[in-house]
Amino acid sequence: MRPITAESALIDKLKMAESSTEITFKKETVSKLLSSFFKEEKTKVGADAVLLMAEMLHVFVQEAAQRTIKQAEAEDSDRMDIEHFEKILPQLLLDF
């Protein structure tokens with residue numbers, strides 16, 4: 001397994017953007033995730049809510065990856081580490 005560097009992460013991101021397949025969250029996974037926070041079993045999740053939440057998760061993950069790459073580059077690091085993610089996480093959570 002090759003180490004993830006800021007450059008390789010950016011290249012991988014560009015390749016994904018160029019490809020026709022997009023990474024998404026499964027509707028069932030998002031639905032179960034949302035349902036796990038409900039206090040009553042009778043509470044249901046609508047299909048539109050699941051799609052909206054899946055899109056929000058997608059945007060959140062993309063933004064986290066971009067900010068982590070920028071943080072690694074700002075520190076002149078040749079690879080992204082969990083420390084870079086931990087540094088961007090507080091502001092990311094405030095922004096969402």
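**Exercise 1. Is R79 buried, partly exposed or exposed, and what is its relative accessible area?**

Solution. 
- This is a predicted model.
- R79 has a relative accessible area of 39%.
- Buried means under 20% and exposed means over 50%.
- R79 is therefore partly exposed.

**Exercise 2. Find the side chain that R79 meets in a salt bridge, and classify that partner.**

Solution. 
- The side chains of R79 and D81 meet in a salt bridge.
- The N to O distance is 3.3 Å.
- The cut-off for a salt bridge is 4 Å, so a pair has to lie within it.
- D81 has 29% relative accessibility, so D81 counts as partly exposed.
- A search of the whole structure finds four salt bridges. The pair of R79 and D81 is one of the salt bridges in the model.

**Exercise 3. Work out which residues are joined into one salt-bridge network.**

Solution. 
- Salt bridges that share partners put E63, R67 and D95 into one network.
- Take R67 and E63 first. Their side chains meet in a salt bridge at 2.7 Å, N to O.
- Both residues lie in helix α3, which covers residues 47-74. They are four residues apart, so about one helical turn separates them.
- R67 has 21% relative accessibility and counts as partly exposed. E63, at 25%, counts as partly exposed.
- Now take D95 and R67. Their side chains meet in a salt bridge, with N to O at 2.7 Å.
- This pair links distant parts of the chain. D95 sits in helix α4 (residues 82-95) and R67 in helix α3, 28 residues apart.
- D95 has 44% relative accessibility, so D95 counts as partly exposed.
- R67 takes part in the bridge with E63 and in the bridge with D95.

**Exercise 4. How many aromatic pairs does a search of the whole structure find? Describe the geometry.**

Solution. 
- The search finds one aromatic pair.
- The rings of F60 and F96 have centres 5.1 Å apart, with their planes at 80 degrees.
- Planes over 60 degrees apart count as edge-to-face. The pair of F60 and F96 is therefore edge-to-face.
- F60 lies in helix α3 and F96 in the segment after α4. The two are 36 residues apart in sequence, so the pair ties those parts together.
- F60 has a relative accessible area of 24% and is partly exposed. F96, at 43%, counts as partly exposed.

**Exercise 5. Which element has the lowest mean pLDDT, and which has the highest?**

Solution. 
- Begin with the chain. The average pLDDT is 84, and 78% of the residues score at least 70.
- Helix α1 (residues 6-18) has the lowest mean pLDDT among the elements, at 60.
- Helix α4 has the highest, at 95.

Note on methods. Residues numbered from 1 in each chain as written. Heavy atoms only, no water. Buried < 20%, exposed > 50% of the residue type's maximum accessible area, 1.4 Å probe, protein only. Phe/Tyr/Trp six-rings, centres within 6.5 Å; stacked < 30°, edge-to-face > 60°. pLDDT = per-residue confidence, 0-100.
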